[in-house]
Protein chains: 2
Amino acid sequence: MSWLGLPEGTGFGIDNLPYGVFSDASGRRRTGVAIGDAVLDLAAATGDDVHATGSLNAFLARGPRAWADLRDQLTGWLTDETHRGRVEPHLLPRDAVTLHLPVEIADYVDFYSSRHHAENLGRMFRPDSPPLTPNWEHLPIGYHGRAGTVQVSGTPVVRPSGQRRAPADDAPTFGPSQRLDIEAEVGFVVGVGSELGRPVPLAAFADHVFGVCLVNDWSARDIQSWEYVPLGPFLGKSFLTSVSPWVVPLAALEAARVAPPARDVPLLPYLDDAGADPWGLDIAIEVRLNGELVSCPPFDLMYWTAAQQLAHTTVNGASLRTGDLFASGTVSGPAADQRGSFIELSWGGAEPLALADGTTRTFLEDGDVVILTATAPGTAGGRISLGEVTGRVLPAR
Amino acid sequence: MSWLGLPEGTGFGIDNLPYGVFSDASGRRRTGVAIGDAVLDLAAATGDDVHATGSLNAFLARGPRAWADLRDQLTGWLTDETHRGRVEPHLLPRDAVTLHLPVEIADYVDFYSSRHHAENLGRMFRPDSPPLTPNWEHLPIGYHGRAGTVQVSGTPVVRPSGQRRAPADDAPTFGPSQRLDIEAEVGFVVGVGSELGRPVPLAAFADHVFGVCLVNDWSARDIQSWEYVPLGPFLGKSFLTSVSPWVVPLAALEAARVAPPARDVPLLPYLDDAGADPWGLDIAIEVRLNGELVSCPPFDLMYWTAAQQLAHTTVNGASLRTGDLFASGTVSGPAADQRGSFIELSWGGAEPLALADGTTRTFLEDGDVVILTATAPGTAGGRISLGEVTGRVLPAR
């Protein structure tokens, strides 16, 4: 219990303590921790300049011992009322601050780790082939995205223009995307880098990864489907990727850890987590369109875990850097209302989604607002919040 | 003419003046300019701290006016002997300094802009389909690579391990790549970033791009061919990308500008450079294996120019950052001895290359040393050098 008198069911209780970067009227960006409806100014409360750099990177680079020490210290401060006088002056109302991109992103890798999503997309994009490509069950398929367009929640989603070719056309045309979509994902943030040439095994996951955020990997399906063969998605994805402002430490997700689904084929040793501590996570995502709940993607069903993604990414000797972001790929469950993208929810536009206001939706329209939220079991028995990622679609320029 | 008494045919004459980052015995990294066999310590010679940051990024961010001003100043210093006393104390022998990665890479995009290369790869990887995918002539295909593993020339090439599946096998196996390859490319370095949501038109190329380097995008073909469907290359490319230590400013390449090849299909307006100043570049690349010249890829035949690549990358609103690296993709000409990769030179391993020492080569063997060099017409009538990218293959760990 905290002496703060936290709101009922806050999701930002003493067992969460996620990190973000905020500014107040002074404009100075510094690190804060969310607690209840407040943010604790870590730069001021600790006097440590690492929290005054404007990103979490320098703190993340200090590593797991430093992360645990600060978490212990904060837990003490916020539970033991004798610290109240020291801490309270540095608490600001969260709705009075501006939240910024918490991490300076180094490399951004986006995976494709939901079987249900991969099967759905395969059926739509490659109807004449098996839904899963032959490699899918053997490795976590991923590709590099554009790190420079990863932005904080709330960044406007300007509808991208680009080339797209309708099935009946010989040549592509240019114009605003007509199939603007979301991808509801979970992202993992690397704190401690690794050396070139030295793979990071499954068991070293928590030595490198600091925590978790929510990701909306905005996607233009018409641009993507024209461009993506043979080298993968490029402009269909690179215009914007939004992340939640709060990075939840792995330490706050201990109660959320679950075993991933059973594997359908034997995995090569570097990916085989059967004997390892599992890194499946019971995170429940909710997708809202203009306030209406349209999907509840279940992260616990993801086939590939982030530990496997990390082991795979480095098995060829590629190094990690502080600030690397690994996103899960769209989270979709087996049920129709568990799909994490509109291309799945509307089955490629063929089955428009009926909304409560009487309208229907296939892909996003100008003015639409999408909000992703998520919660997970906390260590105190309730649920902790991963915050939200929101974005409003603006017309093409 | 310079008062330095430059070596005959140096390639690093007064019309080149490329920028790099070096250190001497002190270990301090600072910006230098190559001239003849020397490097001019810009931090010391100018007293400007922007050249003492350990990367070119801060200087590049200043923009074209600052680039031109410094180039004018250096040209004056190195041609007018009255400056000798001021300049000479800051000249170091190039072979006495250590060269470092010149640019802190932001995002790295690798293109696929040689028709001959794309056709060759298409024939080998997708023998049952037309060699070019339907989109190839309509847009410069590209994908994001791993910025964190872009390293300076000379970095050892540790043979990567990973999954690969032989055609006859049901399941993949794990082990060292047996098809380790090079890709001879030219890279373009962004100096001035752009705003999210604002495309950069063809005509603004030189407002954003500072200069050119050589790139060897080391590739593991067996890993790549197993993983790359449907989201593109990942581990087959991400273990190492080597760049030359000297970035040649666009200003030094004025005499190298040529028209790109005729277009086979009408281009959409944002890519149509018919009425624009062309950004084809007459750069002659040479590929040496263990000292033997094995290929001479001609950059002037590239179908897509870097200006088109930049316009394409940003047409969806994606922003640029200082330090973004755009690589051309493998440079291959129509002749067998103009191919920029061993998979092409040996036609997928089917036609081993006969070497002067009596051995043959399909893909790279441990101990092999590959050196890429390149020259282009300079503004003084001779040829300027783009320096070299070298790497020695070390056994898998």
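**Chain and domain interfaces**

Student: How many residue pairs are in polar contact between chain A and chain B?

Tutor: 26, both residues at pLDDT 80 or more. A polar contact is a pair of N or O atoms within 3.5 Å; within protein, one must be able to donate a hydrogen and the other to accept it, and residues adjacent in sequence count only if both atoms are side-chain atoms. This is a predicted model: local features need pLDDT of at least 70, side-chain atom pairs count only at pLDDT 80 or more, and totals for chains, interfaces and linings use all residues. Residues are numbered from 1 along each chain as its sequence is written, chains are lettered from A, and side-chain values use heavy atoms, without hydrogens and water.

Student: And how many salt bridges across that interface?

Tutor: Two, by the rule (side-chain nitrogen of Lys or Arg within 4 Å of a carboxyl oxygen of Asp or Glu). One of them joins A:Arg146 and B:Asp324, at 2.9 Å, N to O.

Student: How much area do chain A and chain B bury?

Tutor: About 5400 Å², 61% of it on carbon and sulfur atoms. A:Arg146, A:Leu231 and A:Phe234 lose the most area in chain A, together 15% of what that side buries. Buried area is the accessible area (1.4 Å probe) that two parts lose on being put together, summed over both.

Student: New topic. What is buried between domain 1 and domain 2 of chain A?

Tutor: About 1300 Å², with 74% from carbon and sulfur atoms. The rule finds zero salt bridges there and one residue pair in polar contact, both at pLDDT 80 or more.

Student: Where do the domains run?

Tutor: Domain 1 covers 19-100 and domain 2 covers 108-394; the bounds come from an automatic or database domain assignment. Their centres, over C-alpha atoms, are 29 Å apart.
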